[in-house]
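Subject: Handing over a structure

Hello,

I am passing a structure on to you, and below it you will find an account of what turned up when we went through it. Please keep the sequence and the model open while you read, and look up each residue as it is named.

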Amino acid sequence: MRADDFLHPTPAGLYCPQGDFFIDPVRPVPRALITHGHGDHARAGHGAVLATRQTLEIMAIRYGEGFAGTTQAAEGPVTIGGVGVSFHPAGHVLGSAQIRLAPEGGPVIVVSGDYCRTPNPVCAPWEPVPCDVFVTEATFGLPVFKHPDPAAETRRLLASMAEFPDRAHLVGAYALGKAQRVIALVRQAGHDGPIHLHGAVQRLTDYHVEQGIALGDLRPATVPKEIEGQLVIAPPSAFASPWVQRFRDPVISFASGWMAVRARARQRGVELPLVISDHVDWPRLTQTLTELRPEEVWVTHGAEEGLVRWCELNQLRARPLRLVGYEEDEE
């Protein structure tokens, strides 16, 4: 039987009829398997949710304890309607996972969700999972995207702080994953001073600390006069709010793979763009497909056509899924 018989796109998301479940559905469904806690993949209102323990706890923080009818933590392989299901680290954010499906009489399918192969100090590293069909994101699925070493970008941030010791450095970073990764990278680079947090990133950062991730001296960003010359982590949306006006002549920074596109940095008024990505860039994306060498590649949310063309040129069968609802986040 074809892979499409076991997993196929629907308006609600990828659907497995044999197991009667959806993966990262974009609307409430009776049964959902969730790869990670970002809002375009993890939504509230499902009847039942299966995900890693950390993803379930992150969803509870974001949406409240009653975000689903029932929940189950993925703690080893399970069978759902004759489909073997297991979760494997994706290296994207804390709790993120690739979902392996092994249906009776069908091909092994791995839905990667969002994934990253660059070492990330705040989550488990990506794990290669052999499969017949690999469902891959293509967020940065064009040859122009070659992300630099995150440690080098971190050194640029610290060099700017040394050059402008009287200016607060405000780093825009997505509240789940990116904010905590930036903090951890700064600590690894030797900065042991206080780091101030916008309220919107506080609770998820506290959760990382509760999970045993050491992030050092963290303080609320509530008294601007105490923060001059120091580091502040905030969601990018805060820079378009009156909140930012309380700081005197801050250095506006933004940590994202999209900062490789200079026009985006200019549009946001970013003085110090930091190209730090939690997704695979083009070299690591094509490296992954070369190493896994699945029989088929299904491409979703990103530069689908470009990656499909690369697959064709490299003798890999590929197709775009054209799923909707997986919006470009602040990465």
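Asp249 lies in the loop between strand 15 and strand 16. Please bear in mind throughout that this is a predicted model. Most residues other than glycine have a negative phi. Asp249, however, has a positive phi of about 50 degrees although it is not a glycine, and with a relative accessible area of 47% it is partly exposed. His301 also has a positive phi, near 30 degrees, and is likewise not a glycine. His301 has its place in strand 18, residues 296-302, and its relative accessible area of 13% makes it buried, because buried means under 20%.

**Salt bridges**

Side chains of opposite charge can pair when their charged atoms come close. The count here comes to 14 salt bridges, and I would start with the one in which the side chains of Asp278 and Arg181 meet, at 2.5 Å from N to O. Asp278 lies in the loop between strand 17 (272-274) and helix 7 (282-292), while Arg181 is in helix 3 (residues 178-188), so this pair ties together parts that are 97 residues apart in sequence. Asp278 and Arg181 are both buried.

What is the distance, N to O, in the salt bridge between Asp217 and Arg219? The side chains of Asp217 and Arg219 meet at 2.9 Å, and here Asp217 is partly exposed, with a relative accessible area of 30%, as is Arg219, with 38%.

A further salt bridge joins the side chains of Asp281 and Arg284 at 3.0 Å, N to O. Asp281 counts as buried at 2% relative accessibility, whereas Arg284, at 28%, counts as partly exposed.

In soluble globular proteins, nonpolar side chains tend to be buried together. The largest nonpolar core in this model has 31 residues, and those with the most contacts inside it include Leu157, Val171, Ile195 and Leu274. Among the elements that give two or more residues to this core are helix 2 (150-163), helix 4 (199-210) and strand 16 (251-255), but the largest share, 6 residues, comes from helix 3. Leaving aside residues up to four places away in sequence, Leu274 touches several residues, among them Leu157, Val171, Phe254 and Met259. A second, separate core of 24 residues includes Phe6, Leu14, Val83 and Val133.

Rolling a probe the size of a water molecule over the atoms shows where empty space is left.

Best wishes

Methods:
Residues numbered from 1 in each chain as written. Predicted model: local features only at pLDDT ≥ 70, side-chain atom pairs only at ≥ 80, totals over all residues. Heavy atoms only, no water. Salt bridge = Lys/Arg side-chain N within 4 Å of Asp/Glu carboxyl O. Helix = DSSP H or I, 4+ residues; strand = E, 2+ residues; numbered from the N terminus. Buried < 20%, exposed > 50% of the residue type's maximum accessible area, 1.4 Å probe, protein only. Core = buried A, V, L, I, M, F, W, Y, C linked by side-chain atoms within 4.5 Å. Contact = heavy atoms within 4.5 Å.
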